[in-house]
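The notes are meant for someone who is new to reading structures.

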Amino acid sequence: MTEIVIIGAGECGVRAAFSLREYGHDGAITLIGAESALPYERPPLSKAMDGTEKPIRPADAYDTAGIDLVLGTDVARIDPEARRVFLGNGVDLPYHMLLLATGARARLFPSLRGCLTLRTDSDAEAIMARLAPNTRIGIVGGGFIGLELAATARATGAKVTVVEAAPRLLARGVPTEIASIVEARHRTAGVEIRTGTGVSSATNRTITLADGETLTFDAVIAGVGSVPNTELAADAGLAVENGIRVDEWFRTSDQRIFAAGDCCSFVWRGTRVRLESWKAAQDQGAFVAAAMLGRTNDGGYRHVPWFWSDQYDQSLQVAGLFDADSPVQQRDAGQDKRIVFQCDAENVLVAAAGIGPGNSVSKDIRILEKLIERGARVDPSVLADPSLNLKRLLRAA
Ligand SMILES: Cc1cc2nc3c(=O)[nH]c(=O)nc-3n(C[C@H](O)[C@H](O)[C@H](O)COP(=O)(O)OP(=O)(O)OC[C@H]3O[C@@H](n4cnc5c(N)ncnc54)[C@H](O)[C@@H]3O)c2cc1C
């Protein structure tokens, strides 16, 4: 019997555990999570905020699949020589192969001490308790988490101010053409947005701007990114480079230890990246399970990065990775939608993004994602033309 231990019972770890069974692994699987709750979906935490948790899998599914789920206990140490993991509760376990799916935690700079952050169900509970009509909510950071929280807070009637140091919102990974629509939607909803405004410090009640002005709130939330949980890996001597460094099969520098999800960095089309994306956590969880069982093809991981965000009635989707220094093209998608894309110097489609009400851009982005996956070469002026049938283009690619 071969024992597989998975550290981290989040999106990626859970997906990997079930995939191992689906791919035929009949040895022991132990899935260890530091959080006490049954593994749950994180995306609804910033969107729904209705206090209900959405489990990733029902409680009985773990038993049925023969997955030993150990919750409320962290792994404190790995001994790669002895091939054992040591839990915080004093128990230690042997492994034949190990997967690190330790995710990430909310970043909090020392200058922002006292601010609320959002990563877990209890963080969401603490934030939810502050949202009420006319409470003043200050948000540091105009990225996805900050903006989804702004939309959710507005829906409760709270007064919201977002302070962003960059000259525009969503500066990381989203083209200006899309971010400006997001910004307009927030302004229409009554959110005060201050871009190009540095924050020198913040507390649980105040944000002090770089120019010395101090804004006062009933609660301050920081959405300033996340930090990968790599300490366990680093202490075990594994290579770390903006996340636990893995190869195209998600193997770390130790051949028996794999890492996947938000905690790892891998090479995608020549660039080492670390993603923070629900679908990537799922794709990588399934892929790494196959890799651990030696069932992957020779090409390594090929999934295109894909991310979505819901704010108000709008849904935004991004497939591929935009190069901030290269131009984007626009495809006329109708009055209430916008689709933009980017090709490289050889006209290979590398990224696409869309925004519109509900899931109105999903179909187009799905097709563009497939074109990116296939490395399709397209004439940008042809792709920009709305009369071009995307399905036909995909069939031809
Ligand atoms: C509020 C919020 C909203 C989001 N919305 C979206 C969205 O709209 N679209 C999208 O694409 N993505 C979204 N994401 C991102 C997405 O949820 C993450 O990319 C995904 O959850 C990553 O999964 P993971 O399993 O790698 O890490 P995690 O979900 O972070 O799970 C890692 C788990 O490992 C545990 N752990 C860490 N160290 C140890 C240890 N030593 N021992 C035991 N356990 C340990 C952690 O406690 C955690 O439970 C959102 C994230 C958040 C926080």
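The points below take up the ligand site, then a pocket, then a cavity.

1. This is a predicted model, in which local features need pLDDT of at least 70 and side-chain atom pairs count only at pLDDT 80 or more, while totals for chains, interfaces and linings use all residues. Residues are numbered from 1 along each chain as its sequence is written, and side-chain values use heavy atoms, with hydrogens and water left out.

2. Which residues come nearest to the ligand? Of the 35 residues around the ligand, these are Cys12, Glu35, Arg42, Lys47 and Arg119, where a residue counts as near if one of its heavy atoms lies within 4 Å. By class, this shell has 16 nonpolar, 10 polar and nine charged residues; Ala, Val, Leu, Ile, Met, Phe, Trp, Tyr, Cys and Pro count as nonpolar, Asp, Glu, Lys and Arg as charged, and the others, Gly among them, as polar.

3. Several elements take part in the shell around the ligand, and H1 (11-22), H5 (144-155) and H8 (278-292) are among the helices that each supply at least two residues. Helix H2 (43-47) provides the largest share, four residues. Helices (H or I, at least four residues) and strands (E, at least two) are DSSP runs, numbered from the N terminus. Domain 1 (4-105 + 228-292) and domain 2 (110-222) each give the shell at least three residues, with bounds that come from an automatic or database domain assignment.

4. Among the polar contacts (pairs of N or O atoms within 3.5 Å), a polar side-chain atom of arginine 42 lies 2.7 Å from an oxygen atom of the ligand. Taken alone the ligand exposes 1,000 Å², of which the protein buries 93%, with areas from the Shrake-Rupley method and a 1.4 Å probe.

5. The second largest pocket holds about 170 Å³ of space, and because domain 1 and domain 2 both give residues to its lining, it lies between them. On a 1 Å grid over the protein atoms alone, a pocket is an open set of points with protein on both sides within 12 Å along at least five of seven lines, whereas a cavity is a set where a 1.4 Å probe fits but cannot get out; lining residues have an atom within 4 Å of a point. Helix H4 (121-128) gives the most to this pocket's lining, with four residues.

6. One cavity of 30 Å³ or more is found in the whole structure, and the largest cavity has a volume of about 60 Å³, a volume being the space filled by probe spheres set on the points. Its lining includes Val182, His186, Tyr312 and Ile355, and has four nonpolar, four polar and two charged residues.

Definitions and conventions:
A polar contact is a pair of N or O atoms within 3.5 Å; within protein, one must be able to donate a hydrogen and the other to accept it, and residues adjacent in sequence count only if both atoms are side-chain atoms.
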